[in-house]
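Please open the model in your viewer and keep the selection tool at hand. The tour below goes from one stop to the next and says what can be found at each.

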Amino acid sequence: MTAPPLRLADALAALRDQLATTPLGLATPGRDGAVRAARAVRDQIDDYLLPRLGDLAAPLLTVVGGSTGAGKSTLVNSLVGAPVTTAGVLRPTTRAPVLVCARSDVAAFSGDRVLPGLARVTGGDGGPGTVQLVVRDEVPAGLALLDAPDVDSVVETNRELAGQLLAAADLWVFVTTAARYADAVPWDLLQTAQERGTALAVVLDRVPPEAAAEVAADLHGMLQRAGLASARLFVVEERPLAGGRLPEDQVAPLRTWLHELAADQEARAAVVRQTLTGALDSLEQRVGGVADAVDEQARAGDALRGAAAASYTAAYEGIDEGVRSGTMLRGEVLARWQEFVGTGEWMRALQGQVSRLRDRVVSAVTGRPTPAQDLQGALESSVEHLLRAEADRAAERTVTAWRSLPGGAQLIAGEERALEQVSPDFPEAAAAQVRDWQGAVLDLVREQGADKRSTARMLSWGINGAGAVVMVAVFASTGGLTGGEVAVAGGTTAVGQRVLEAVFGDAAVRSMASRAREDLQRRADALLRYEQARFDDRVDDAAPGAEAADALRHAVRSLASARRTAA
Ligand SMILES: Nc1nc2c(ncn2[C@@H]2O[C@H](COP(=O)(O)OP(=O)(O)OP(=O)(O)O)[C@@H](O)[C@H]2O)c(=O)[nH]1
Ligand SMILES: [Mg+2]
């Protein structure tokens, strides 16, 4: 059973909430645009769509917006016929919007019905985050004027606020000048107005009287080419101001048009419908763009995790290779092994079994009698060294890969030094794992010997001795040694193995060695997984899962079905 369609307002609120929780934490190329788009849609839902759907008959909000210093505030003062907003020579002059409405419309604008994020103030400029509410009965009932900051401001908060206010408008009165009418930023916004079907009037301000016809024709052509031919164009000639206001003949046509609109309920309703429908229609594409950016983030997250996984898989394989290749049996380990087999303590057990081999071994080794622990100690540091080297390399490889992957550099910023090597607790953890592994090998030997008649014989050269031989067998099962090392380590290992085989049997030795190897690999794997998690955790914190984009698309579909139901 499918859920009943949501009410339109509920579907919008759900979409807004979904956008608010959409994670866009990775610095992918599309991130900033998507964050802005998500913010703009949320704002428009709260500032405009929900209030407008909640009261279709509420007064028209007419936002006077446009280029910096175009004369917006001067125009508003001139329309109202009173100094309701501050005009000035410094750019930008208007930083907090001023909303002027008739007394009968105050209730529609004084609460948080529209623009709930901006606090209302009266009696003066309230500063950032506020709307100054001015009541003037020169403004007709049914239509409020809002003087907005400059859309192309050098002040970023002004630009953002201007965009937010335009998205909250039923009607845009777009102000530009003869000098600036082709500027890019205002045209981007006009393009948006066109795409959203927003009701629009354009004021070409500060036009030298002698050029009025020419400039107006040019702008008219531009509007036509932009698909905005239906926008009313008002031309205001540049003249000396009187008391900060435009000459009456220059402002009268626009004022008359606005007053007629305010008085004509049907015309007003048509403006509301046009802008409302356009804004609702635009949501699918805008939210779709955010969802695409979320997908991009999910893919970037996968690529980052993949790079870490590849690095640590290579480390795991490097350890496996190091264990199997016999390279562990070089240097210190080889020396300890030679001493160990050369002590003769347990070689007595060889009597009558592999004495021919003993002769070969004994002739190959010299040195003081050394307990099996020395060999174990040498193996321990050799294995630790291998683990550390591979884990360091994996960390470095991951950092290098992340630097060039989308979003990667940001995740490691400031911590590259620490991240391109093992974590601080790795050495201790690795040492503990290797010691535990050695303990487990001894347990294995004990277990294997427990029910054998051979126990006594085995004990004659000790659990430690047998364990050491199993450990060496783990590292000597394949070739990989070169030159003289093959002869020495390979040969001596074979001797040890023969001894063990004599005690435990051939199959048991092979199984002990392979179980010991698997155990070591499991421990290496656990260590590496912990190391890799340092990287994966960062991705998990910042990147969305694939379901985040689906949730957004679902919210858009629910909105579409709520609109069909409402229609
Ligand atoms: N002579 C003349 N000066 C004008 C005209 N329109 C605006 N000005 C002056 O131009 C300057 C800027 O005017 P504002 O009305 O503050 O312009 P604005 O678009 O509100 O400016 P911002 O809020 O900063 O974007 C002020 O000094 C005005 O007095 C005009 O038609 N003629
Ligand atoms: Mg202004």
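Begin by selecting helix 3 (residues 72–80), which gives the most to the shell around ligand 1, with three residues; helices here are DSSP runs of H or I with at least four residues and strands are runs of E with at least two, numbered from the N terminus. This is a predicted model, in which local features need pLDDT of at least 70 and side-chain atom pairs count only at pLDDT 80 or more, while totals for chains, interfaces and linings use all residues. Residues are numbered from 1 along each chain as its sequence is written, chains are lettered from A and ligands numbered from 1 in the order in which they are written, and side-chain values use heavy atoms, with hydrogens and water left out.

Next, show the 20 residues around ligand 1, of which Lys72, Ser73, Thr74, Thr93 and Arg206 come nearest; a residue counts as near if one of its heavy atoms lies within 4 Å of the molecule. By class, this shell has six nonpolar, eight polar and six charged residues.

Now look at the oxygen atoms of ligand 1. A polar side-chain atom of Ser73 lies 2.8 Å from one oxygen atom of the ligand, a backbone N or O atom of Gly71 is 2.9 Å from a ligand oxygen atom, and an N or O atom in the side chain of Thr94 is likewise found 2.9 Å from an oxygen atom of ligand 1. Taken alone, ligand 1 exposes 640 Å², and the protein buries 89% of that, with accessible areas coming from the Shrake-Rupley method with a 1.4 Å probe.

Stay with Arg206, in strand 7 (residues 199–207), where phi is positive, about 55°, although Arg206 is not a glycine. Is Arg206 buried or partly exposed? Arg206 counts as partly exposed because its relative accessibility is 39%, where buried means under 20% relative accessible area, exposed over 50% and partly exposed in between (1.4 Å probe, protein chains only).

Move to Pro92, in the loop between helix 3 and strand 2 (98–101), and inspect the peptide bond that joins Arg91 and Pro92, which is cis with omega about -15°.

Leu115, in the loop between helix 4 (106–110) and strand 3 (119–121), has a positive phi near 45°, and Leu115 is buried, with a relative accessible area of 1%.

Finally, select Val474 in helix 17 (residues 463–475), a buried residue with a relative accessible area of 0%. The C-alpha atoms of Val474 and Ser325 are separated by 10.0 Å, although these residues are 149 residues apart along the chain.

Methods
Polar contact = N/O pair within 3.5 Å; in protein donor to acceptor, adjacent residues only side chain to side chain. Nonpolar A, V, L, I, M, F, W, Y, C, P; charged D, E, K, R; others polar.
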